Amino acid sequence: MDELARRQLASIAEMVAVAGATGIPVWLRGGWAMDFQLGTVTRPHLDVDWYCWRDDADRLADLLLARGWLPDPRTPVLSQLDLFAADVEVSVAYLGRDAAGRPTVGAAA
């Protein structure tokens, strides 16, 4: 495992700690979620992907920004939350609910 992967793993631990301490549910997704399921790092990852409820996203962003994470100006916050800490990028896709109460991906503000 290279140093970037170690920093990405540290960011996963940080996200779990920050979200857990404040009761914000988050779900790991994408390549890192697969690697956790498989129990091994299978490849280099560009970023760490997450889900959170859209209603929690602003509070989660404030908590991470207070810890030194920086927003990625390339991605509109209305579609997802992208943050950087040095060379580690996290991407948080928003979850919402449809009219029947079922979870949906891509909830906008």
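## A loop residue and the basis of the model

Gly101 is found in the loop between strand 5 and strand 6 (103-105), where helices (H or I, at least four residues) and strands (E, at least two) are DSSP runs numbered from the N terminus. Gly101 is partly exposed, its relative accessible area being 33%; on this scale buried means under 20% relative accessible area, exposed over 50%, and partly exposed in between, computed with a 1.4 Å probe on protein chains only. Between Gly101 and Thr75 there are 26 residues in sequence and 27 Å in space, taken C-alpha to C-alpha.

The model is predicted, so that local features need pLDDT of at least 70 and side-chain atom pairs count only at pLDDT 80 or more, while totals for chains, interfaces and linings use all residues. Residues are numbered from 1 along each chain as its sequence is written, and side-chain values use heavy atoms, with hydrogens and water left out.

## Salt bridges

Eight salt bridges are found in a search of the whole structure, a salt bridge being a side-chain nitrogen of Lys or Arg within 4 Å of a carboxyl oxygen of Asp or Glu. One of them joins Arg7 and Asp87, whose closest N and O atoms are 2.6 Å apart. Because Arg7 lies in helix 1 (residues 3-22) and Asp87 in the loop between strand 4 (80-85) and strand 5 (88-97), this pair ties together parts that are 80 residues apart in sequence. Arg7 is partly exposed at 35% relative accessibility, and Asp87 is partly exposed at 40%.

Arg74 and Asp72 also meet through their side chains in a salt bridge, at 2.7 Å from N to O; here Arg74 is exposed, with 61% relative accessibility, whereas Asp72 is buried, with a relative accessible area of 5%. A further salt bridge is that of Arg102 with Asp98, with 2.8 Å between the closest N and O atoms. Arg102 is exposed at 54%, and Asp98 is partly exposed at 26%.

In helix 2 (residues 30-38), the residues Gly31, Trp32 and Asp35 are buried. Seen down the axis of helix 2, the buried residues fall within an arc of 95 degrees, and they therefore line one face of the helix; the arc is that of the directions from the helix axis to the C-beta atoms. Among the elements that cover these buried residues are helix 1, strand 1 (26-29) and strand 2 (48-53). Gly39, which follows helix 2, has a positive phi near 80 degrees.

Strand 2 holds Asp49, which is buried with a relative accessible area of 15%. Leaving out residues up to four places away in sequence, Asp49 touches Trp27, Leu28, Arg29, Gly30 and Ser91, where contact means heavy atoms within 4.5 Å.

## The largest nonpolar core

The largest nonpolar core has 23 residues, of which Met15, Val26, Trp50, Leu60, Leu64 and Val92 touch the most other members; such a core is a set of buried Ala, Val, Leu, Ile, Met, Phe, Trp, Tyr and Cys residues joined through side-chain atoms within 4.5 Å. Helix 1, strand 2, helix 3 (54-66), strand 4 and strand 5 each supply at least two residues of this core, and helix 1 gives the largest share, five residues. Apart from neighbours within four places in sequence, Leu60 is in contact with Met15, Ala19, Ile24, Val26, Cys52 and Val92.

## Aromatic rings and charges

The structure holds two aromatic pairs, defined for rings of Phe, Tyr and Trp (its six-membered ring) whose centres lie within 6.5 Å, with planes under 30 degrees apart counted as stacked, over 60 as edge-to-face and the rest as tilted. Trp27 and Trp53 form an edge-to-face pair, at 5.9 Å centre to centre and with 90 degrees between the planes. This pair links distant parts of the chain, with Trp27 in strand 1 and Trp53 in strand 2, 26 residues apart. Trp27 is partly exposed at 37% relative accessibility.

A charge sits over a ring if NZ of Lys or CZ of Arg is within 6 Å of the ring centre and within 35 degrees of the ring normal. Arg29 lies over the face of Tyr51, at 5.1 Å from the ring centre, and Arg54 lies over the face of Tyr94, at 4.4 Å from the ring centre.

## A positive phi outside glycine

Ala86 lies in the loop between strand 4 and strand 5 and has a phi near 55 degrees, a positive value in a residue other than glycine. Ala86 is exposed, with a relative accessible area of 76%.
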